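This briefing covers a predicted model.

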Amino acid sequence: MPAPAVGVPEELSARVPVEQREPGLDRDGVRLLVSRGTEVSHHAFAELPGLLRAGDLLVVNTSPTLAAAVDGRVGHARVVVHFSTRGDDGRWAVELREPDGRGTTHARTEVTGVPRARAEGVEGRGCGGLAGTRVRLPGGARLVLEEPLSARGERLWWARVSGAGVPALLREHGRPIRYSYTERDQPLSVYQTVFALPYADGTGSAEMPSAARPFTARLVTELVSRGVQFAPVTLHTGVASAESHEPPYPERFAVPEASARLINAARAGDGRVVAVGTTAVRAVESAAGADGVVRARAGWTDLVVTPERGVRVVEGLLTGLHEPEASHLLMLEAVAGRAAIDRGYEAAVRGRYLWHEFGDVHLLLP
């Protein structure tokens with residue numbers, strides 16, 4: 001999908017959460033752009049209960065956000081390790097980033113400062129990965145890069161950590177991943193959604209499933225009181241570098257039996273299935289058969305939702321505003337069509353909506 005024919009001015013990046021921008025507001029104080037086809041309307045997010053109807057079903061991601069950024073050293077050089085995804089063999093997919101001196105990071109083009117073991121046929125392209133690179137972490141932990149996660153590039157690497165368990169390392173020494181458009185570090189609680197649940201094995205999302213951030217307990221209660229239902233699913237999202245708009249990597253997901261039943265019942269009745277975030281779309285569509293029936297599933301998904309593939313279950317989508325080059329826009333087009341996305345993004349720029357995880361949100365309805 002070519003980028004929408006609008007540029008996003010830098011000043012439209014949300015640098016802090018709405019409750020810090022405008023004291024007295026809660027998380028639901030963000031704005032809500034609503035697209036019904038190419039018809040656009042403007043609302044406060046707190047008006048969401050009046051925009052949905054009894055019988056509608058919101059599919060929400062219960063994955064918690066991890067404090068996934070940890071400082072380290074490669075020889076004398078400082079690095080920041082972004083922990084992305086835990087593999088079935090105990091390794092973690094990681095990205096090595098370089099501190100930028102402003103509290104954030106940028107992509108790393110090479111690993112410097114130490115002797116390195118070069119694996120046969122592996123070059124250090126992309127973001128500085130090289131098989132055998134050793135990273136010293138806080139508390140005496142060590143990390144060794146072993147192999148690229150994907151043949152598409154070497155930004156993410158499978159790595160093995162010794163000297164500490166990764167969940168404990170993140171709890172004690174980690175902080176939320178933060179990109180340069182944000183103003184300052186935030187506590188982890190700022191990145192947790194109201195739907196987040198802890199997982200016994202310490203897994204979670206490297207980056208917040210941010211479409212759900214504006215929900216508050218009060219708003220959820222009001223939605224339930226109006227007959228809107230919720231179907232929890234899980235998708236542990238990996239890192240999505242701000243400089244690299246790649247399609248998503250395989251991610252761990254689960255759609256429980258109870259949620260599958262709720263989704264199928266809504267589709268059989270008059271309710272609309274509305275996913276809260278692109279992560280919820282990926283989870284639900286990964287559990288849907290060619291017949292459109294959702295069945296309980298858990299494991300890994302490599303599904304990339306595109307206009308060509310289409311959607312089998314999801315009829316609406318609540319999502320943040322994505323950069324014009326982001327691969328997420330293919331999913332939005334699959335749900336709503338290209339004309340609706342172009343029209344919505346033009347309206348968002350004209351209306352001075354705010355982008356990124358602390359920004360405003362966009363509701364796509366049939």
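Rings of Phe, Tyr and Trp, the last taken by its six-membered ring, are treated as a pair if their centres lie within 6.5 Å. With that cut-off, ring pairs link F45, F195, F215 and F230 into a cluster.

**Aromatic rings**

- The count by this rule comes to seven aromatic pairs; in one of them the ring centres of Y179 and Y181 lie 6.4 Å apart with the planes at 40°, so this pair is tilted.
- Y179 and Y181 are both buried.

- Strand β3 (residues 57–61) runs parallel to β13 and is joined to it by three bridges, with V274 of β13 as the bridge partner of L58.
- Strand β15 (residues 316–320) likewise pairs with β13 in the parallel sense over three bridges, and here A275 stands opposite L317 of β15.

**Helices α7 and α8**

- Helix α7 (residues 328–336) packs with helix α8 (residues 338–350) at an angle of about 115°, and their axes are 7 Å apart.
- On the α7 side the contact is made by L329, L332, E333 and A336, and on the α8 side by R338, A340, I341 and Y345.
- By class, this contact has six nonpolar residues, two charged ones and no polar ones.

Conventions
Residues numbered from 1 in each chain as written. Predicted model: local features only at pLDDT ≥ 70, side-chain atom pairs only at ≥ 80, totals over all residues. Heavy atoms only, no water. Axes fitted to C-alpha atoms, helices over the stretch in contact; angles between N-to-C directions. Helix = DSSP H or I, 4+ residues; strand = E, 2+ residues; numbered from the N terminus. Contact = heavy atoms within 4.5 Å. Nonpolar A, V, L, I, M, F, W, Y, C, P; charged D, E, K, R; others polar. Pairing = 2+ DSSP bridges. Phe/Tyr/Trp six-rings, centres within 6.5 Å; stacked < 30°, edge-to-face > 60°. Buried < 20%, exposed > 50% of the residue type's maximum accessible area, 1.4 Å probe, protein only.
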